[in-house]
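Hi,

Here is the structure I promised to pass on. Have a look at it first, and then read my notes below.

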Amino acid sequence: MFSGASTFVSDVDTVFVLIIGISLFFLIGITATIIVFLVRYNKKRNPVATDIEGSTRLEIIWTVIPTILVLIMFFYGWYGYTPLSRMPKDAFKVKVVSRMWMWRFEYPNGLVTDTLYVPANKAVLLDMVSMDVIHSLYIPAFRIKQDVVPGKQNEMWFISNRPGRYDLFCAEYCGMRHSYMLTAVQVMPHAQFTAWYNKAPAKVDLATAAKTGAIGKNIMQNKGCVACHTIDGSRLVGPSFKNIYGQKVTVTTAGKEREITVDDEYIARSINDPTADVVKGFKEGQMVSYKGQFTDDDIKQIIEYIKTLSDK
């Protein structure tokens, strides 16, 4: 009946139009009946109340017809939902990592992006995990949505038959910057996607990259650190990384304020246990622990990157 950006559009839109149509029919019908009764049976025309006996036939009609309509809506809803739960075995698999407040997409060949790139006319399976709170991956143009729950691995699949760029939202309120959790799905013709997917990553001089902070910057971007911390001095959920290394800051430790110097030890502790020292002016509990998600070398590279953000 309908065509759209994914193979699910037709079934979902059919159910939607069916339910809206039935609802409008009864809305108009009931409203019209109320108006007729108000005019025909008002007190001026009927000063004496009339006792109207019940009708078995009428009761059967208004019981049977709504029951049939509800069953029809259930059938079409189930018919449209069933394909969503049947994951194709040959689907192209992409791991989706969600956290406040960003999406990360990891591909089998090691590519990591913040935009979901997929081939057209090919089943794509999203293997979704959350690193902090409940999120919900929603692609309106595809008519699909699935909650992403911490500690639980959820899956969702689709086939997009129309190349283009489509919005991807988080549909579950997940904190202060929930509305910033916005990215896109880029559907590409098969040949174009294959060329993109098979592209060789540029060779990097690891020594130079470490010295310039490029490795640490990449780690922080992939983990979503920049969603809460800026590098230009502006304020977000957490302190900015601009000019922070080597500076003295006032923190709350075990309920008491104290002044400390931002050094390697402090940064590592803040990553693994962010509630240990809360910078004055910021709320406790806004950052979850990343313990186990970074190696010692990762933390070292992050520190090197933060050092490059100092004007000194």
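Both faces of strand β5 are covered. On one side Ala-123, Leu-125, Asp-127 and Val-129 are buried, and on the other Val-124, Leu-126, Met-128 and Ser-130 are buried too. In other words, eight of the eight residues of β5 are buried. "Buried" here means under 20% relative accessible area, "exposed" means over 50%, and "partly exposed" is in between, using a 1.4 Å probe and protein chains only. Helices (H or I, at least four residues) and strands (E, at least two) are DSSP runs, numbered from the N terminus.

Before you go on: this is a predicted model, in which local features need pLDDT of at least 70 and side-chain atom pairs count only at pLDDT 80 or more, while totals for chains, interfaces and linings use all residues. Residues are numbered from 1 along each chain as its sequence is written, and side-chain values use heavy atoms, with hydrogens and water left out.

**The sheet around β5**

Five strands make an open sheet with mixed pairing, in the order β3-β2-β1-β5-β8. Two strands count as paired if DSSP finds at least two bridges between them. β3 (112-113) and β8 (154-159) are at the edges with a single partner strand each, so one side of each has no neighbour in the sheet.

How do the neighbours of β5 run? β1 and β5 pair in the parallel sense over seven bridges, with Val-129 in β5 as the bridge partner of Val-97. β5 and β8 are antiparallel and pair over six bridges, and there Asp-127 has Glu-155 of β8 as its bridge partner.

Val-96 sits in strand β1 and counts as buried, at 1% relative accessibility. Leaving aside neighbours within four places in sequence, Val-96 is in contact (heavy atoms within 4.5 Å) with Trp-103, Arg-104, Phe-105, Leu-126, Asp-127, Met-128, Val-129 and Leu-137.

**The cores**

A nonpolar core is a set of buried Ala, Val, Leu, Ile, Met, Phe, Trp, Tyr and Cys residues joined through side-chain atoms within 4.5 Å. The largest one has 41 residues, and those with the most contacts inside it are Trp-103, Tyr-107, Leu-116, Leu-126, Leu-137, Phe-142 and Phe-158. Strand β5 (residues 123-130) gives the most to this core, with five residues. What does Phe-142 touch, apart from its neighbours within four places in sequence? Its contacts include Ala-5, Phe-8, Val-9, Phe-158, Tyr-166 and Val-187. There is also a second, separate core of 22 residues, which includes Val-251, Phe-282, Phe-294 and Tyr-305.

Ser-136 belongs to strand β6 (residues 135-139). Is Ser-136 buried or exposed? Ser-136 is buried, with a relative accessible area of 1%. Beyond four places in sequence, Ser-136 has contacts with residues including Trp-103, Lys-145, Phe-169 and Glu-172.

Helix α5 (residues 214-223) and helix α7 (residues 296-308) pack at about 110°, and their axes are 7 Å apart. That makes α5 roughly perpendicular to α7. For the wording, angles under 35 degrees count as roughly parallel, over 145 as roughly antiparallel, 65 to 115 as roughly perpendicular and the rest as oblique. The axes are lines fitted to C-alpha atoms, for helices over the stretch in contact, and the angles run from 0 to 180 degrees between N-to-C directions. Ile-215, Gly-216, Lys-217, Ile-219 and Met-220 of α5 meet Asp-298, Gln-301, Ile-302 and Tyr-305 of α7.

Strands β11 (residues 248-253) and β12 (residues 256-261) pair in the antiparallel sense over six bridges. They form a hairpin with two residues between them. Ala-254 in that turn has a positive phi of about 55°, and at 78% relative accessibility Ala-254 counts as exposed. β11 is also joined to strand β13 (residues 278-279) by two bridges, and these two run antiparallel.

Most residues other than glycine have a negative phi, and most peptide bonds are trans. Asn-121 has a positive phi near 60°; Asn-121 lies in the loop between β4 (116-119) and β5 and is exposed, with a relative accessible area of 58%. Met-100 and Trp-101 are joined by a cis peptide bond, with omega about -5°, and Trp-101 lies in the loop between β1 and β2.

Cheers
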